[in-house]
Amino acid sequence: MDYFAQQLINGLVLGSIYGLIAIGYTMVYGIVGMINFAHGDVFMIGGFIALISFLVLVSVGLTAVPVILLIVLLVSMAITALYGWTIERIAYRPLRHSFRLAPMLSAIGMSFVLTNFSQVSQGARVKPVPPIVTGGYTLHEGESGFVVQLSNIQIVVVITTIVLLGLFTWLVSRTRLGRDMRACEQDQTMAALLGVDVDRTISMTFVIGAALAAVAGMMYLLYYGLVDFFMGFVAGIKAFTAAVLGGIGSLPGAMLGGLAIGLIETFWSAYFSVEYKDVAAFSILIVVLIFMPTGLLGRPEVEKV
Amino acid sequence: MSSAPILALENLTMRFGGIVAVNALSFSAQRKQITALIGPNGAGKTTVFNCITGFYKPTSGVIRLTHDDGTQYEMQKLKDFNISKQAKVARTFQNIRLFPGMTALENLMVAQHNALMRASGLTLLGLLGVPSWRTAEQSAIDNAVFWLKRVGLLDRADDAAGNLAYGDQRRLEIARAMCTGPALLCLDEPAAGLNARESAALSELLLSIRSDHGTSILLIEHDMSVVMEISDRIVVMDYGVKIAEGTPRDIRDDPKVIAAYLGTDEEEAAAVLEAEA
Amino acid sequence: MSASLPASSPPASNGSEPVGAGFILKKAVLSALVALGLFSLMVGVRTEAGQSGQLEYWTRFGELASLVGAVFVGSIVVELLRLWLGPRGGLGSFVPASVQSGLSVAGRYLAPALLIFTLLVPVIFYNQRYILDLGILVLTYVMLGWGLNVVVGLAGLLDLGYVAFYAVGAYSYGLLSTTFGLSFWICLPLAGILAAFWGVLLGFPVLRLRGDYLAIVTLAFGEIIRLVLINWQDVTGGPNGISGIPRPSLFGIPLTPGPDGLAAMLGIPFSPTHRIVFLFYLILALALLTNWVTIRLRRLPIGRAWEALREDEVACRALGINITTTKLTAFATGAMFGGFAGAFFATRQGFISPESFTFQESALVLAIVVLGGMGSQLGVALAALAMIGGFELFRSLEVYRMLVFGLAMVLVMIWRPRGIVGHRSPTVFLEKSKSISSDLVKEGHG
């Protein structure tokens with residue numbers, strides 16, 4: 001039971017990270033109808049930028065951890081958002097009304113570019129960082145000596161996720177930008193005719209998605225204490241799975257799907273086999289798409305004849 | 001020859017969530033006749049078509065098709081492709097669905113897929129190029145040429161279907177449906193978007209398909225001149241139910257039908273009829 | 001997606017904006033600023049784990065400055081090119097439409113010319129091992145491209161896990177030959193059949209899926225197969241792979257220096273080049289077989305059904321075409337060719353490991369098919385030559401190679417979204433075969 005409780009906590013934390021990435025997939029899919037293959041790599045870039053800014057801040061003599069974290073968060077969100085903007089501008093916008101395969105291949109190409117850019121610029125080796133947020137609470141000490149722990153970093157990840165999610169929900173449901181985004185999702189032509197700047201709205205979608213991926217990247221760095229140039233691929237596919245599981249296009253669905261994938265992966269590793277944890281995640285993707293193509297919270301697609 | 005109607009719908013009901021698109025509809029289409037299904041927009045005509053041709057599974061009811069030799073099919077039980085393959089029901093679409101990147105001839109060759117698959121020995125004999133395959137292929141081309149000629153598109157045989165004019169595409173779609181060798185041809189608004197001359201040609205074509213080829217026709221149409229001219233029987237739908245059935249003359253004078261179309265009540269419609277008379 | 005938007009024209013390429021020195025300069029400065037933002041930390045600061053495992057960093061402001069400068073200059077150059085190439089601008093007009101139609105005319109002569117040249121390659125370059133090896137590599141990708149073309153180009157089914165079938169073929173031969181000692185010529189058809197079997201097995205559940213969903217599921221399948229190959233150590237040898245895979249024989253005659261070898265039988269001195277030349281012709285024969293079968297299939301009802309499926313699935317159903325079997329045969333046929341290519345790969349390398357079957361390979365083959373112009377056999381061959389050849393040219397760039405490759409993929413898609421050969425030739429005609437513009441040809445939904 002204690003073991004189960006510990007896995008539950010770990011799974012929820014991992015799920016929060018997946019959920020943050022999944023939101024980027026779901027937003028982009030909702031508005032331009034394409035899988036942003038490079039999104040996983042945007043997450044990776046976010047992790048790298050968090051790492052570098054953290055190193056620089058520490059070396060200039062900052063010691064207050066909350067201040068450092070806040071600055072790192074803002075810097076990585078800002079720069080990663082710029083990546084999101086640039087990617088859309090270079091690789092997707094010229095192909096917006098092109099054939100369906102073209103943006104997909106362009107996205108795959110962009111993913112290669114980002115992966116190898118960070119390999120070239122930062123080297124291929126894994127980058128470890130010492131634990132930044134330490135300490136935690138012991139929730140329960142079992143008779144067998146197994147301890148259920150909730151570490152501070154886990155609290156930080158979950159709270160950050162909740163706060164950002166709240167902020168983001170407000171943005172989409174209450175602001176003008178959010179309204180424009182929902183309008184473009186429904187019908188771009190009509191939105192344009194009604195005075196919505198479609199280009200800008202789509203750009204902003206990528207910017208927000210990238211910023212959230214940057215948060216996920218930073219949380220990943222804090223939680224696992226390392227980043228590497230290849231981590232975007234698998235994390236990206238899993239986050240996409242989460243987005244589909246939740247129902248693509250649905251924002252709460254993306255978060256829910258993220259949590260589900262995080263839990264499944266954690267429990268699979270804990271009770272079955274660590275080697276096959278990715279196989280489990282991919283299998284779930286396949287099973288979900290086949291039996292529940294609209295996901296948990298998605299809208300069913302009606303075939304018109 | 002079987003005396004049963006070629007197509008009989010019994011209590012056909014189709015629900016989408018809470019909406020009842022078709023409600024306990026029963027009617028039949030007679031052999032070697034042209035039956036028209038008319039009604040205001042949203043009456044549920046295309047839904048009926050989609051049930052008959054297997055794109056929707058009806059919520060309840062029976063769609064029975066009887067071939068000339070008496071073989072019966074309950075179409076709601078057939079898989080979608082078997083409705084064309086076994087039950088021999090062909091259809092066209094309200095928004096033309098040709099294969100735009102293939103030539104007119106290729107479109108008609110695809111329509112003969114099942115016969116050609118058999119002739120090609122499920123591809124294997126065809127791959128080897130045995131003579132029986134070559135003759136089968138040639139006869140399929142001849143059949144396609146026959147229908148291209150029939151709809152006046154022989155000179156466009158080698159042009160991409162997507163490059164044809166709108167009216168030509170409509171006719172090509174009918175030719176493609178006929179290439180499947182149907183017992184029943186279902187046409188969804190074949191005259192939509194055609195000019196007067198093209199409509200007249202269409203009427204002529206449909207009458208000839210009925211008389212010369214013995215194919216029964218079920219059509220949805222809004223162009224009343226076409227409907228009244230060629231239909232043997234007319235079924236009128238509104239709000240998912242049948243409100244009238246009869247010969248064109250009966251329908252023309254039915255106050256219920258006029259009320260449905262004009263959106264007035266029956267008494268007013270009857271008054272209009274009397275005033276006209 | 002809506003087709004075209006009045007209010008959102010492509011950026012700066014519609015020519016309606018005032019273009020002057022000031023505009024270009026402003027744009028270049030903006031681009032440089034964006035580049036500064038992007039590269040500030042990623043390039044300006046280099047991190048590396050030090051001796052004690054502690055992460056260290058040093059700055060590289062020189063590199064950062066030159067990169068930002070390069071973006072500034074590059075931006076000016078691109079704007080000037082746009083100005084120079086006319087209002088439609090952009091990379092799209094780099095190759096005028098006349099070249100495309102010229103290609104279609106030249107295609108009739110280009111294909112035989114290419115074939116003759118390919119046949120002569122081992123004669124001309126007999127002493128240049130590097131060229132022969134490269135030729136074998138290109139031909140392997142030509143074959144893979146032609147195989148995937150059946151699935152993506154003809155049937156319009158987007159498959160991002162094609163490499164899985166390549167892997168199945170390679171491991172089939174590797175395992176059958178090392179475990180049971182079966183010869184290459186027995187294993188080759190078996191590898192194809194096994195791959196086709198897997199194609200059906202994987203294809204069956206995903207038939208209902210369309211478009212991007214199908215793509216992502218096939219990607220997941222590809223990854224699952226690779227992960228199983230890595231983790232199922234007892235059978236596959238895990239990450240170490242299978243080594244000591246037998247080399248192919250010329251129908252039982254080994255190409256070895258021994259007394260029973262081919263060289264001894266012909267009474268000529270043995271040379272390792274013999275085997276390379278043999279491999280070259282072997283893959284050429286396999287590729288040509290793929291090509292021949294595909295061309296034949298296109299003219300048969302099954303091939304037409306594939307193309308019809310790509311054009312309009314609903315209409316296919318209305319015409320009595322069984323969508324399920326039609327899609328499965330496309331999957332199986334494509335997979336079978338992938339399996340053949342895999343068996344060849346295994347016998348050529350003598351060693352296989354999961355590393356050869358990553359998603360990058362799938363993406364590369366897909367890029368070849370799309371760049372070639374979906375459905376065009378000649379286009380695929382040219383694209384394979386350009387991609388693999390180009391990839392080799394950049395070998396000296398080492399780590400930058402994939403970076404350049406990714407950039408090339410993006411640029412090529414922007415340049416020619418419909419590929420090199422942008423037309424489709426009909427499978428049957430009465431009077432005259434007129435090629436069909438790719439604007440009319442659909443790319444499928446599944």
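Author: Gladly, and bear in mind that this is a predicted model. Between the two chains, 44 residues of chain B are in contact with 36 residues of chain C.

Reader: OK, and how much area do chain B and chain C bury between them?

Author: The two chains bury about 3300 Å² between them, and 67% of that lies on carbon and sulfur atoms. On the chain B side, B:Phe81, B:Leu127 and B:Asp158 lose the most area to chain C, and together they account for 19% of what that side buries.

Reader: How many salt bridges does the rule find across the interface of chain B and chain C?

Author: It finds four salt bridges across that interface, and among the salt bridges of the model is one in which the side chains of C:Arg304 and B:Glu137 meet, at 3.8 Å from N to O. There are also 11 residue pairs in polar contact across the interface of chain B and chain C, with both residues at pLDDT 80 or more.

Reader: Switching topic, what does the domain assignment give for chain B?

Author: The assignment gives domain 1, made of 1–88 + 182–277, and domain 2, which covers 98–181. Taken over C-alpha atoms, the centres of these two domains of chain B are separated by 28 Å, and their contact takes 22 residues from domain 1 and 13 residues from domain 2.

Reader: And what is the area buried between those two domains of chain B?

Author: That area is about 1400 Å², with carbon and sulfur atoms giving 65% of it. In domain 1 of chain B, the residues losing the most area to domain 2 are B:Pro182, B:Leu205 and B:His213, together 34% of what that side buries.

Reader: Which side chains meet in a salt bridge at 3.5 Å, N to O?

Author: Those are the side chains of B:Arg150 and B:Glu204. Across the interface of domain 1 and domain 2 of chain B the rule finds one salt bridge, while the count of residue pairs in polar contact between these domains is four, both residues being at pLDDT 80 or more.

How values were computed
Residues numbered from 1 in each chain as written. Chains lettered and ligands numbered in written order. Predicted model: local features only at pLDDT ≥ 70, side-chain atom pairs only at ≥ 80, totals over all residues. Heavy atoms only, no water. Domains from an automatic or database assignment. Contact = heavy atoms within 4.5 Å. Buried area = accessible area lost by both parts, 1.4 Å probe. Polar contact = N/O pair within 3.5 Å; in protein donor to acceptor, adjacent residues only side chain to side chain.
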